[in-house]
Amino acid sequence: SGFNSIGRMDTMSRGRHQIGHYKEGEEFIQNVFHVLSQIFTGREKSNLAICWLQYEISKVIQCLQAKKKKKLKAQGRRSKKLAKNFLKAPDNRNNLSLWKLYAYLEWLLGNTDDARKVFDTALCTAGTGGLKSAQLCSLSLLYAQLEVELLESIDGAVMSQAVHILTKLAENGPYVPYSGQVLPVNVLKARKTYEHALQDYLSKTSVSDQDQVNYTDQLVNLVGCYALFQYLTVGIDAAVLIYTQASEKLEVSGSQKCENTGENFGNLNFPTALEAVTLLHTNLLRFHMKMSVYPLNPLREALTEALRRYPGNQALWRSYIHIQRKSHSASKARRFFDSVTRSTNSLEPWLFAIQAEQMRKKLTEKVQRADVGEIHCTIPETGLTNRIVALFEHAVQSENGTHCPLLWRMYLNFMV
């Protein structure tokens, strides 16, 4: 019809139905992937396969969020078939990034044992790169993170499969699947190895431009693995200390490089590494708060500092909105949104400020409509409506907001 959106608009809901993947848009995207896979060869073809599989995983996550079991089953079958075909290609057999995505796909589909087999197979065939291999660290980190999410409490986590994975990574030898226990002596050795590896990375003064991307990727994965290892074997404070050390080093390195070359800080890979470390840090704090009693302030401070630095990071904004929902006072969050929108051209702060107010409005309406006799309305609903309209007005007047179809559609949707 010419009016269907390409791909997806999963931020909008139409009545009770979430707008998902349109048939025409989906066909278009699949055609693009098919055409490109015939043109590309070697490294480019492998990278395309990774992008394709990431796209398939995004659709599986969407089905999980919408709780559509039938659709999830069909989507899962298609995605698994595609992943297996990729791994059959001779060029991809040793590609750890593809193995990682395939294992993650199985995990998302609820096939935990199959996913573990895929992870174990990948780790066994990956050789002995240890902490020097960025791909091996990345694979081990995801495997350990998924295992940690299954834990019911942090007590006794020293003997968990996650600690086994991270210990084996530090040993630099062939991987052996988990047998149910982790030797304390191996944990101590692994801690020393991680400590030395991190000090070596942090003490490197100069890195050539070619090695820059590999260096920062590897540093992020190493920090993630070491911090998670410390969290499981020592505690949350030990993990936070590692994130703090790494962040300080990356900040100093980034600013020095700027002074030496006179380049723009944004062109370097250091800010992205610092952003990735911050994201790992805030995610771990959120997880720990879910598992045990812990004050909210460290997480709130880490998020506000990170969002001032990276106002375009959607994952950080989602975390911020999530923790603010628990607070009964909206004024602090409003002041923060206001200060960030004044200091950046990014559109994300506007979109998330609007979303936060819409969630508050929904909550208020839910309380007011509850069938429990007379309710004294404490928050006047019209005030929220006016505030949301004012936010939309300011957002569409900003330079980027004027040209953002999503923002206009959200505004129309709200007014309707």
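Trainee: Which helix does Gln161 lie in?
Mentor: Gln161 lies in helix H7, residues 161-171. Helices here are DSSP runs of H or I with at least four residues, numbered from the N terminus.

Trainee: What kind of model is this, and how are residues numbered?
Mentor: This is a predicted model, in which local features need pLDDT of at least 70, side-chain atom pairs count only at pLDDT 80 or more, and totals for chains, interfaces and linings use all residues. Residues are numbered from 1 along each chain as its sequence is written, and side-chain values use heavy atoms, with hydrogens and water left out.

Trainee: Is Gln161 buried or exposed?
Mentor: Gln161 is buried, because its relative accessible area is 13%. Buried means under 20% relative accessible area, exposed means over 50%, and partly exposed is in between, using a 1.4 Å probe and protein chains only.

Trainee: Which residues is Gln161 in contact with, leaving aside neighbours within four places in sequence?
Mentor: They are Arg116, Tyr143, Glu147 and Tyr178. Contact means heavy atoms within 4.5 Å.

Trainee: What joins the side chains of Gln161 and Tyr143?
Mentor: A polar contact of 2.7 Å joins them. A polar contact is a pair of N or O atoms within 3.5 Å; within protein, one must be able to donate a hydrogen and the other to accept it, and residues adjacent in sequence count only if both atoms are side-chain atoms.

Trainee: Changing topic, how many salt bridges does a search of the whole structure find?
Mentor: The search finds eight. A salt bridge is a side-chain nitrogen of Lys or Arg within 4 Å of a carboxyl oxygen of Asp or Glu.

Trainee: Where do Lys59 and Glu56 lie?
Mentor: Both are in helix H2 (residues 42-66), three residues apart, about one turn of the helix.

Trainee: Which residues are linked in a network with them?
Mentor: Glu26 is linked with Glu56 and Lys59 in a network of salt bridges.

Trainee: And what does Glu106 form with Lys80?
Mentor: Glu106 and Lys80 form a salt bridge, with their closest N and O atoms 3.6 Å apart. This pair links distant parts of the chain, 26 residues apart: Glu106 is in helix H4 (residues 96-108) and Lys80 in helix H3 (residues 69-88). Glu106 counts as buried because its relative accessible area is 3%.

Trainee: Finally, how do the side chains of Asp338 and Arg342 meet?
Mentor: They meet in a salt bridge of 3.0 Å, N to O. Asp338 and Arg342 both belong to helix H14 (residues 331-343), four residues apart. Asp338 is partly exposed at 35% relative accessibility, whereas Arg342 is exposed at 67%.

Note on methods: Helix = DSSP H or I, 4+ residues; strand = E, 2+ residues; numbered from the N terminus.
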